Amino acid sequence: MSTPDTPDSPFRHASTARDEAPQFVLPLVARIERAAPPARTDALETAARAVLVILGDERSTGDGEWAQAMHDWQDARIRKVVRRARGAEWRRAEALPGITVTGKSAEVRVFPPVPLDGWPKDLARLQVSGTDLDDPEPPAGADSTHPVLWMSPDVAMSAGKAMAQAGHGAQLAWWELSDEDRTAWREAGFPLSVRTAGPAHWRELTASGLPVVRDAGFTEIAPGSCTVVADHPALRPARP
């Protein structure tokens, strides 16, 4: 649902170069049944893991069938769009090439990138709105031994927008990791938490040198808004 400004990614182009490149989007579809919608935090965490799963999939690298689309997408702005599906819509989405990632209550299917104006019809007809989810109970404290995607306390977002932002944060962390740390994270099943930082903690995080998502402002929020800090243990600055 947004496009972060990512000058420190491995795809190190100036903003103008990224804008001039062909624009692709990574589609994510969240299963949201009327009778049993997922919890908001679980949906955010599942979306973030879905992004990591497709980044780490063998089809996305080398000579894999999705490799060119993944490269073209990452060579421009890493736009992601989250849509919702239920019932027959979800079944049609599952029939398309992609990967379904399951959380405690959430299901998110991620698809290889498509041109911005070239969505498959069974995905294009899905709604972006209607992803306003809640947590029945406040999420437990984050396990600091695993990566934590800290959401801004200052920026209000729909669940769909926040799912895309969590995916951006996970991707920035992935880009910054060594091959060894990426392998360890993937083999562990991509454990992570998504939590909202307190105001003082947020100020510390955004000044810490950890990867920060700055939104391009295409939907919902102002351009340049800091939305997520990716706090991966391997990326934490050494304490004096």
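Begin by selecting Asp122 and Arg125, whose side chains meet in a salt bridge with 3.0 Å from N to O; the term stands for a side-chain nitrogen of Lys or Arg within 4 Å of a carboxyl oxygen of Asp or Glu. This is a predicted model, in which local features need pLDDT of at least 70 and side-chain atom pairs count only at pLDDT 80 or more, while totals for chains, interfaces and linings use all residues. Residues are numbered from 1 along each chain as its sequence is written, and side-chain values use heavy atoms, with hydrogens and water left out.

Asp122 counts as buried at 17% relative accessibility, whereas Arg125, at 46%, counts as partly exposed; buried means under 20% relative accessible area, exposed over 50%, and partly exposed in between, with a 1.4 Å probe and protein chains only.

Next, select Arg236 and Asp231, whose side chains also meet in a salt bridge, at 2.6 Å from N to O. Here Arg236 is partly exposed, with a relative accessible area of 30%, and Asp231 is buried, with a relative accessible area of 10%.

Now move to Arg195 and Glu45, which form a salt bridge whose closest N and O atoms are 2.9 Å apart. Arg195 belongs to strand 7 (residues 193–196) and Glu45 to helix 2 (residues 40–56), so this pair ties together parts that are 150 residues apart in sequence; helices (H or I, at least four residues) and strands (E, at least two) are DSSP runs, numbered from the N terminus. Both Arg195 and Glu45 are buried.

For a linked group, select Arg31, Glu33 and Glu107, which are joined in a network of salt bridges. By the rule given above, the count comes to seven salt bridges.

The last stop is Arg109, found in strand 4 (residues 107–110). Which side chain of opposite charge is nearest to Arg109? It is Glu94, 4.8 Å away, and Arg109 is buried yet has no salt bridge; for charge, Lys and Arg count as positive and Asp and Glu as negative, with His and the chain ends not counted. Select Thr100 as well, because its side chain makes a polar contact of 2.8 Å with the side chain of Arg109, a polar contact being a pair of N or O atoms within 3.5 Å, where within protein one must be able to donate a hydrogen and the other to accept it, and residues adjacent in sequence count only if both atoms are side-chain atoms.
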